[in-house]
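Student: Please take a close look at one part of this model. I would like to know how that part sits among its surroundings, with the cut-offs behind each term.

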Amino acid sequence: MAQHPHSGPRSRLLDEFSWLEYAFQPAGQPVPANAAYGQQRHSANVLLANQNIPPKRCESDGLIGEDHLPVAVYTADCLPVLFADPQQQQVAAVHAGLKGTLGGVLNNAIDRLLERGASRETLRVVIGPAIGPCCYELGNDLVTQMQDRHDLPPLPYSTQQPHNAQAIRPQARAQQDGIWFDLPNLARRLLLQRGIVAEHIEVLNVCTYCMAESGSSYRYNTHFDSGYQSRFSWIRTRG
Ligand SMILES: [Zn+2]
C-alpha cells in the first residue's frame, strides 16, 4: 500500500472527492491550526465542529464537520474513522476504540449525518491506521461479554495469532492465553449491519503496532516503554 512518510496513508474512496481534504497523519505531526477536536473519553458522543472550538471544550469522540473546519480525532491504537457523503457534502471524524465501537459511536455519527442530509446509499466510511488482528490480543473474558450481546454481528477474532507479512517490526507477543481480535473488521461489520454499502467501506489495514512509524502504538509503548505520540486524523470540506 502506498504510504508517504510525511503525510500518512491515502484512501482510495476519499481521493475520489475533490470537494474535501483529509489526512491520516503520522504520530507526532501537529494537527491543522483551526481543527476542532473533542476531549475524547471512549464515549459514544458525537457533536458538531463548532462545539469543540477551541479544541477539547466538550467531551466527544466524534465530530460532524461545519463551516469547512477540519474535524479531527487523535488516536494511538484505536480506530480513526473518517466519513464523507457527497449528497450534501457532509464529513465527520470519529475515534472508536473497542469501548466506543461497542457503545455505538459509529451509529451515532451515522445518525447525525443522515439527519443532515447524508444517505446510507452514498455514505463513505474509511477506517485508518489502528492496531490490527496481528497484534491485538484480548482476554477471553472480554470476548465472552461481547458474545452475550445479541445486537452485535459475528465477532471477528482468531485463537491463533495471524501472521502479518507486511510487518516492519516484530508483531506483539502473546501476553495471556487470549484471542486475537480484529477491531477494524468489527467496525466494518457494524457499518454493514447499519446498511452502509460494502464498496463504500474502506479499511486501510495499517497496524499501528507492527506496520506504522515507530511511536504510534500505545500498546507497543506499554510492552517496550519506547514512548508514543498521538496520531491525528482529520477531514474537512473545501471552502
Ligand atoms: Zn500488527
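Tutor: Among contacts in the protein chain between residues at least 6 apart in sequence, 69% join residues at least 24 apart; a contact here has two C-beta atoms, placed from the backbone, within 7 Å. The model is predicted, with local features requiring pLDDT of at least 70, side-chain atom pairs counted only at pLDDT 80 or more, and totals for chains, interfaces and linings using all residues. Numbering starts from 1 along each chain as its sequence is written.

The part to examine is strand 8, residues 90-96. The protein chain has five helices and 14 strands, which are DSSP runs numbered from the N terminus (H or I, at least four residues, for helices; E, at least two, for strands).

On one side, strand 8 runs antiparallel to strand 7 (residues 79-85), joined by seven bridges. Pro-80 stands opposite His-95, and Ala-84 has Val-91 as its bridge partner. The two strands form a hairpin with four residues between them, and Gln-89 in the turn has a positive phi of about 50°. Strand 5 also pairs with strand 8 in the antiparallel sense, over three bridges; Leu-63 is partnered there by Ala-93.

Seven of the seven residues of strand 8 are buried, buried meaning 20 or more other C-beta atoms within 10 Å of a residue's own, exposed 12 or fewer, and partly exposed in between, with C-beta atoms placed from the backbone. Gln-90, Ala-92, Val-94 and Ala-96 point one way, while Val-91, Ala-93 and His-95 point the other. For the protein chain of 239 residues, 46% count as buried.

Leaving aside neighbours within four places in sequence, Val-71 is in contact with residues including Val-91, Ala-92 and Ala-93.

How values were computed
Two strands pair if DSSP finds at least two bridges between them.
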